[in-house]
Amino acid sequence: MSIITDVAPAQQLERVKQLNQERDWGFAEADFPEVPQDVTLNEGEVLLLATYLSPQRGKQSGLRRTLEELWDLIGLSGYDKSRWEGLRSDAKHLRLAPGHDYRPGVRWVVFNPNAYHGLSPESALARATEDNVQLAGLEVLMALVQFPDWATRWDGSTNPYPWLSGLQFNWDDSSTPWSRVPYLRRWDGIRRLRFSTDWASNADSSWGSPSVREY
């Protein structure tokens with residue numbers, strides 16, 4: 001089995017509207033799309049209401065603001081949350097992968113949490129380009145906000161740990177900029193959800209690069 005799918009689209013919509021009010025995201029009622037009807041999903045896919053925040057003038061880009069907001073919202077019951085101190089989200093360190101763009105708004109997307117299982121982020125990006133699909137970045141974090149139990153299902157086998165391969169990270173000490181990718185992992189022994197980065201060329205059978213397509 002894959003991602004928990006018992007959070008109905010209507011519940012997702014209400015959740016985002018609630019967060020919009022509580023966290024002052026700035027969306028108007030007209031910005032929220034209606035709940036889709038008669039959605040056709042391929043095996044393993046799930047409908048996800050994703051949020052992409054507008055920039056804060058003079059403070060944060062939309063990409064940075066969204067990542068920080070979503071990471072702040074994520075919680076896994078019984079686990080502490082940790083983030084590598086070097087994982088910074090300013091424009092010098094974090095960007096979208098080539099071929100991906102950022103458009104503020106609230107949109108329904110089709111999310112496949114198990115896509116490109118076993119491929120490195122580098123290979124997954126090349127394959128996704130051939131397949132004419134996008135790799136998920138911020139959408140991985142949004143999925144954890146909407147489906148908090150998803151992280152409990154990661155086992156490196158049926159449900160791979162996720163790369164955020166729609167994003168690229170530039171490490172200060174690297175001679176090859178933009179060669180790292182953020183990832184998430186659950187550590188049961190120390191009860192921790194970890195947010196960090198690793199090399200985009202790293203292929204591991206326990207990991208995958210979720211994909212996303214707009215509905």
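View A. Two or more lining residues come from each of α3 (121-131), β7 and β8, with α3 giving the most, three residues; helices (H or I, at least four residues) and strands (E, at least two) are DSSP runs numbered from the N terminus. By class, eight of these lining residues are nonpolar, four polar and two charged, counting Ala, Val, Leu, Ile, Met, Phe, Trp, Tyr, Cys and Pro as nonpolar, Asp, Glu, Lys and Arg as charged, and the others, Gly among them, as polar.

**View B. The largest pocket and its lining.** About 260 Å³ of space lies in the largest pocket, which is lined by 19 residues, with Y52, D101, Q134, E139 and V212 nearest its centre. The elements β4, β5 (134-135), α4 and β11 (211-214) each contribute at least two lining residues, and the largest share, three residues, belongs to β11. This lining divides into nine nonpolar, four polar and six charged residues.

**View C. The largest nonpolar core.** A nonpolar core is a set of buried Ala, Val, Leu, Ile, Met, Phe, Trp, Tyr and Cys residues joined through side-chain atoms within 4.5 Å, buried meaning under 20% relative accessible area with a 1.4 Å probe and protein chains only. The largest such core has 54 residues, and those with the most contacts inside it are F111, L141, W150, W154, L184 and F195. Elements that each supply at least two of its residues include α1 (9-22), β1 (46-52), α2 (62-73) and β4 (105-112), while α4 provides the largest share, seven residues. Apart from this core lies another, of seven residues, among them A97, Y116, A124 and L135.

**View D. Helix α2.** The 12 residues of α2 reach 16 Å from first C-alpha to last, close to the 16 Å expected at 1.5 Å a residue, a span taken as 1.5 Å times one less than the number of residues. Nine of the 12 residues are buried, leaving α2 mostly covered; the buried residues include L63, L67, L70, W71 and L73, together with R65 and E69.

**Notes.** Residues are numbered from 1 along each chain as its sequence is written, and side-chain values use heavy atoms, with hydrogens and water left out. In this predicted model, local features need pLDDT of at least 70 and side-chain atom pairs count only at pLDDT 80 or more, whereas totals for chains, interfaces and linings use all residues.

Definitions and conventions:
Buried < 20%, exposed > 50% of the residue type's maximum accessible area, 1.4 Å probe, protein only. 1 Å grid on protein atoms, 1.4 Å probe; cavity = no way out; pocket = protein on both sides within 12 Å on 5 of 7 lines; lining within 4 Å. Points joined across faces, edges and corners; volume = space filled by probe spheres on them.
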